[in-house]
Amino acid sequence: MNYFEMTYDNATNYLIRAIHQYCVPGIICNVCNSSWLAIGLQYPKVNINESCMQYKDYYSRPKPYQWAVHHEMKPATDKIFNDLFVLPGTRFGPLRGIAHWNGYDFAWPNPWTPLISFKAYQQLKEQNINLPAIAPTQIRMSDQSDFKYYEFQIHAKAALMDSNVKTCKRCGKNSITKPDHLKISIVPEQLDEEIFRIKELPEIIIVTENFKKAVEKLKLQDICFKKVKQVQFV
């Protein structure tokens, strides 16, 4: 089976300004002398539970903290996310904001956040596509009418192949940039959904050939695909 990078159609024209309610703060590391956060990891169905409500301010401010603070807060972060893959910069909670025009079947506040209309979601489910769970957004139209789109909770289930890039042993930062041709590895037993992210580059969204064929069959709008050069099953 082939796999494809999913992105938006550059020909579309609309504007959505939105951001998730909470964020795992960025990290400042005195070992690699960097301040960083990852882009693309988003869990709209995750929220701060009662046992961690006292740390709400920590997850509400987009400021970076020293590694020691992250280490101290790790038990609370683990309680919130359970076994999910998390990096500094991981956003969670509902997506909030304003849309100045409704999208098509898909809508994109940014290149790593695909939103889908409920109609399109149902159509894909009817094609027996195993989709990630969806969460309602808290986006409103600029005229205060409803913005009827949902956000996928997309998990990171692939890894880059041949990524011989140095990673800081303390904070985990790497210097990977998106290659011209993607080569990814996948554990088939873990692939229970047909949309997923790459752990090292979570802003990239990968879909199965089944998903691509269903989208094309249904003629869903504002979505494009680029074939992944190589896939290895491990």
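Contact is taken here to mean heavy atoms within 4.5 Å. In the predicted model, Phe-211 is, on this criterion and with its neighbours within four places in sequence left aside, in contact with Met-6, Phe-106, Leu-124, Ile-129, Leu-131, Glu-194, Ile-195, Ile-223 and Phe-225. Phe-211 also belongs to the largest nonpolar core, a set of 31 residues in which Phe-106, Leu-124, Phe-147, Phe-152, Ile-195 and Phe-211 have the most contacts. Apart from this core lies another, made up of 23 residues that include Tyr-43, Ile-48, Tyr-65 and Ala-156. In soluble globular proteins, nonpolar side chains tend to be buried together.

The chain as a whole comprises four helices and 18 strands. Its radius of gyration of 18 Å is close to the 17 Å that the globule rule gives for 234 residues, and the chain is therefore as compact as a globular protein of that length. Taken along the principal axes, the box filled by the C-alpha atoms is roughly 50 × 45 × 30 Å. Among contacts with a separation of 6 or more, 77% are accounted for by residues 24 or more positions apart in the chain.

Asn-33, although not a glycine, has a positive phi of about 55°, and its place is in the loop between β3 (27–29) and β4 (34–36). The relative accessible area of Asn-33 is 68%, and Asn-33 is exposed because this value lies above the cut-off, which is set at over 50%. A positive phi of about 55° is likewise found at Asn-82, which is not a glycine either. The loop that holds Asn-82 runs between α2 (67–81) and β7 (91–99). With a relative accessibility of 60%, Asn-82 also counts as exposed.

Technical notes. Residues are numbered from 1 along each chain as its sequence is written. This is a predicted model: local features need pLDDT of at least 70, side-chain atom pairs count only at pLDDT 80 or more; totals for chains, interfaces and linings use all residues. Side-chain values use heavy atoms; hydrogens and water are left out. Helices (H or I, at least four residues) and strands (E, at least two) are DSSP runs, numbered from the N terminus. Buried means under 20% relative accessible area, exposed over 50%, partly exposed in between (1.4 Å probe, protein chains only). The radius of gyration is taken over C-alpha atoms; the globule rule is 2.2 Å times the number of residues to the power 0.38. A nonpolar core is a set of buried Ala, Val, Leu, Ile, Met, Phe, Trp, Tyr and Cys residues joined through side-chain atoms within 4.5 Å.
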